[in-house]
Amino acid sequence: MSEIPGDLKFQRSHEWARLEEGGRVTVGISFHAQDQLGDVVYVELPTVGDHFEQGAGCAVVESVKAASDIYAPVSGTVIAINEALADAPETINADPWGEGWLFALKIDDAAQLDGLLGPDDYAQAVEEDAH
Amino acid sequence: MSQQTVLNATHRAAGARMVDFGGWDMPIHYGSQVDEHHQVRRDVGMFDVSHMTVIDLHGARTRDFLRRLLANSVDKLKVQGKALYSCMLNEEGGVIDDLIVYFLGEDFFRIVSNASTRDKDMAWIEKVAADFGVRVVERPELALIAMQGPNARAAVLAQVAESDRAAIEALGKFVAVDAKGTQGEALFVARTGYTGEDGFEIVLPQEHAVALWNHLAEAGVKPAGLGARDTLRLEAGMNLYGQDMDETVSPLEAALGWTIGFDEGRDFIGRAALEAQKAAGVPRRMVGLLLEDKGILRHGQRVVTAAGDGEILSGTFAPTLGVSIAFARIPAGEPGEVGVDIRGRIVPARIVKYPFVRDGKPVE
């Protein structure tokens, strides 16, 4: 298990969210999620300008094995997508916490982040899933 | 509790991701399914397929029995060791299973069939065999290891006794021969496989399987999981039982017409139903699809054609091609422009001939 960066917040469905300057929230999937999926071969991303409520399906990550829906960890408007994934979806396997980010939202209400899991709680949730 | 092959602990020690496959705890990959796929296409990989069912048939009337049991004509098997792919049908012409049968003597044939169908296969075979006085012996104590890829031959040759190497070297495609391993253990070596590459499948007593696997690994042969096996076989245009056909589908609707032996006067089970279906017109057909757009074809997706809706059977990302391919069953008739419903969006797909990949190279 790769070490979880301390500045991330998590949904139980394995998306991470990182609050950056100006209310920008970058979203990706966890090391555990990409490990479960196996080789990622295709990513369907939202369009810049789309607005999603927290928990809404907004992207799909597909491995050879299966398609996995990605849910918005917070409510917000899409302000950037990781276009490099179109040609190199395997980046999600290689660097899920960094270069493998999916998209960024402008968050509607920063307080929503407080309701997500911290790194330790998420690690514990993954641990529980394994048993 | 799922069943385990004798190599289970070996897979786990190698870091395999294990999944349930038809009631068996099997490796899906050992790190990267895509890397394992390429490994087999470009070099050689080994698969544990010991979960498959090995059934030996003994008796003077075994050939007669197989003429009745199998849709393909066992009379094509004239030379000892030769193998034949066939479906086993019910009276309605539906596929009970697909299998390989080996001709080992007039009173001795061997069937290798699927893992998840073991119980119903055994029940059916025993039922039909009773009329022919054929003894049906399942061989769960045998392990099965497949070595597949352009360099499979060299890998296998290194694992057989010196005195048997010439025979293995001369072994034709779809032929099997008895041989001895380097420790003198009995091997049944068949030049068969499920990847579209040259390759061999070795049946051996399971107490020798871990040693053989380890010797192959020491010689540099990398393990490959069932994930790679699935993408390799689909690229090679090979059906998967349970996904591409089952008891509700006739071989004529599963692109397996080439495996039916309509020899004069041979009364195989399902023949009348197949002939009736042919006379009335086969209502559905199986085609290969290629997605030129981005996206992945998956089992169960709706296929839209001018002749009506069909569905994706096996669908996946094809690592050799870098695009998604599938088998689909669609209504008979002119399909026109074909689209696939991927999460509510109709994405254009193209009907293509398959195999999609032959001898490691894209066919188109």
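## Fold of chain A

Chain A has three helices and nine strands, assigned as DSSP runs (helices are H or I, at least four residues; strands are E, at least two) and numbered from the N terminus. The order from the N terminus is β-β-β-α-β-β-β-β-β-α-β-α. With a radius of gyration of 14 Å against the 14 Å given by the globule rule for 131 residues, chain A is as compact as a globular protein of that length; the radius is taken over C-alpha atoms, and the rule is 2.2 Å times the number of residues to the power 0.38.

The C-alpha trace of chain A spans about 35 × 35 × 20 Å along its principal axes. Buried residues make up 41% of the 131 in chain A (buried: 20 or more other C-beta atoms within 10 Å of the residue's own, with C-beta atoms placed from the backbone).

## Basis of the model

This is a predicted model, in which local features need pLDDT of at least 70, side-chain atom pairs count only at pLDDT 80 or more, and totals for chains, interfaces and linings use all residues. Residues are numbered from 1 along each chain as its sequence is written, while chains are lettered from A and ligands numbered from 1 in the order in which they are written.

## Nonpolar core

The largest nonpolar core holds 128 residues, of which B:Val101, B:Ile145 and B:Met147 touch the most other members. Such a core is a set of buried Ala, Val, Leu, Ile, Met, Phe, Trp, Tyr and Cys residues joined through C-beta atoms within 7 Å. Strand S6 (residues 95–105) of chain B gives the largest share of this core, seven residues.

How values were computed. A residue is buried if 20 or more other C-beta atoms lie within 10 Å of its own, exposed if 12 or fewer, and partly exposed in between; C-beta atoms are placed from the backbone.
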